[in-house]
Amino acid sequence: LTDPRSQALCLALEGAGHVALFVGGCVRNSLLGARVTDLDLTTDARPEQVIAIADAAGFRCVPTGIDHGTVTVIVKGLVHEVTTFRRDVETDGRHARVAFTASVAEDAARRDFTMNALYADREGCVIDPLGGLADLTQRRLRFVGDPAARIAEDYLRILRFFRFHAWYGDPDAGLDPEGLAACAAGLDGIARLSRERIGAEMRKLLSAPDPAPAVASMAASGVLAAVLPGADPTALPILVHGETKYPRDWIVRLASLGPTEAQDALRLSRAEARHLDILRTEVGGTRRAGELAYRLGPTIALDVIVLREAMLQIKEPLGWQDDLFYGATARFPLRAADLMPRFTGPALGAALKEREDRWIASGFRLDRAALMQ
Ligand code: ATP
Ligand code: MG
């Protein structure tokens, strides 16, 4: 938040007689000493005033969500989302109709959790209308206002509850009982959400350093089954433990939940769906580290090994790291031309494949001469 470019933007808004405050994740993460991913600012200036002020200061503006009061302001390559203070006028479980306000307290009241309703001015002075700082210090995720009412306004907050707990909650203390009960009571509303929004939250949840306790709570409260029917959370903690040496992508954690309709339910990208499919096939298969690495690359080979150990308690034989390395770097020494004219047509392909299989089974040791015979 001390970046001179953010400071310049705050100064420009203040110079025009407005309030400019950092809000949400960037304040929360700065206070925790965690990485700040996006910069959100709030102001009492109306969107058209923000644009005029930013234009005059020579910053680039994109009216990203002008109806919702958001203007993207780019200062020498640094992106800020500047949103006018808002209050909710009407909500339907998915969307909100908003009105602008001049009050920070009203703006805070429409945010989801107290630790996400922290504000800071450019000098680092924190404004905390709802006691979010105390909750953040105790790593306690608390809804702003009545949890059941806030969930009924936007059912995505159920998933956000588990997501933020996974990242910033106290794993030993567990979840706020009142919030948890409201999530369990409101889970029918999840079906009304778009799968894109659900997918985005699940991706962030499963990318947390250790999502296992949060996912276990999701399962116990019925929320996991509402999002991903058939998901089984039991292998996830073992996987996360095994990852201490080999950190894996979130999709591997998703695969550990067993067979689910994740591709559809979470709107996975084509590449993600393919990755998940391969993992599911290979986990139950017999290919060892070397062959996996040769055929699918070292990343997927490692995914499969870590997953097998977590899901099936199958350990890869000693020395597998070397095998994986050989497999990833090995080049099959024969070409089709080497077997001609002895073989032609479909027989040529079959002969080549048979030799490649033998070569893999030999641990990539058979050389050209041996394979030619
Ligand atoms: P991160 O970007 O690190 O995931 P964040 O806190 O910035 O965390 P965002 O989803 O980017 O989370 O939302 C920014 C802020 O907007 C939140 O901190 C919160 O104050 C508010 N917010 C976002 N989504 C909702 C929602 N569904 N209901 C209420 N407030 C929300
Ligand atoms: Mg954010």
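What is the handedness of the crossing of α15 and α17?

Modeller: The crossing of α15 and α17 is right-handed, a term used if the near helix is turned clockwise from the far one by less than a right angle, with anticlockwise giving left-handed. This is a predicted model, in which local features need pLDDT of at least 70, side-chain atom pairs count only at pLDDT 80 or more, and totals for chains, interfaces and linings use all residues. Residues are numbered from 1 along each chain as its sequence is written, while chains are lettered from A and ligands numbered from 1 in the order in which they are written.

Helix α15 covers residues 270-283 and helix α17 residues 298-312; helices here are DSSP runs of H or I with at least four residues, numbered from the N terminus. Their axes come within 9 Å and cross at roughly 55 degrees. That makes α15 oblique to α17, because angles under 35 degrees count as roughly parallel, over 145 as roughly antiparallel, 65 to 115 as roughly perpendicular and the rest as oblique.

On the α15 side, the contact is made by Ile278, Leu279, Glu282 and Val283. Facing them in α17 are Ile300, Asp303, Val304, Leu307, Arg308 and Met311, with contact taken as C-beta atoms, placed from the backbone, within 7 Å. Of the residues in this contact, seven are nonpolar, three are charged and none is polar; Asp, Glu, Lys and Arg count as charged, and Ala, Val, Leu, Ile, Met, Phe, Trp, Tyr, Cys and Pro as nonpolar, leaving the others, Gly among them, as polar.

For the wider setting, the domain assignment, automatic or from a database, gives domain 1 (1-137), domain 2 (228-330) and domain 3 (333-372).

Definitions and conventions. Axes fitted to C-alpha atoms, helices over the stretch in contact; angles between N-to-C directions. Helix = DSSP H or I, 4+ residues; strand = E, 2+ residues; numbered from the N terminus. Contact = placed C-beta atoms within 7 Å.
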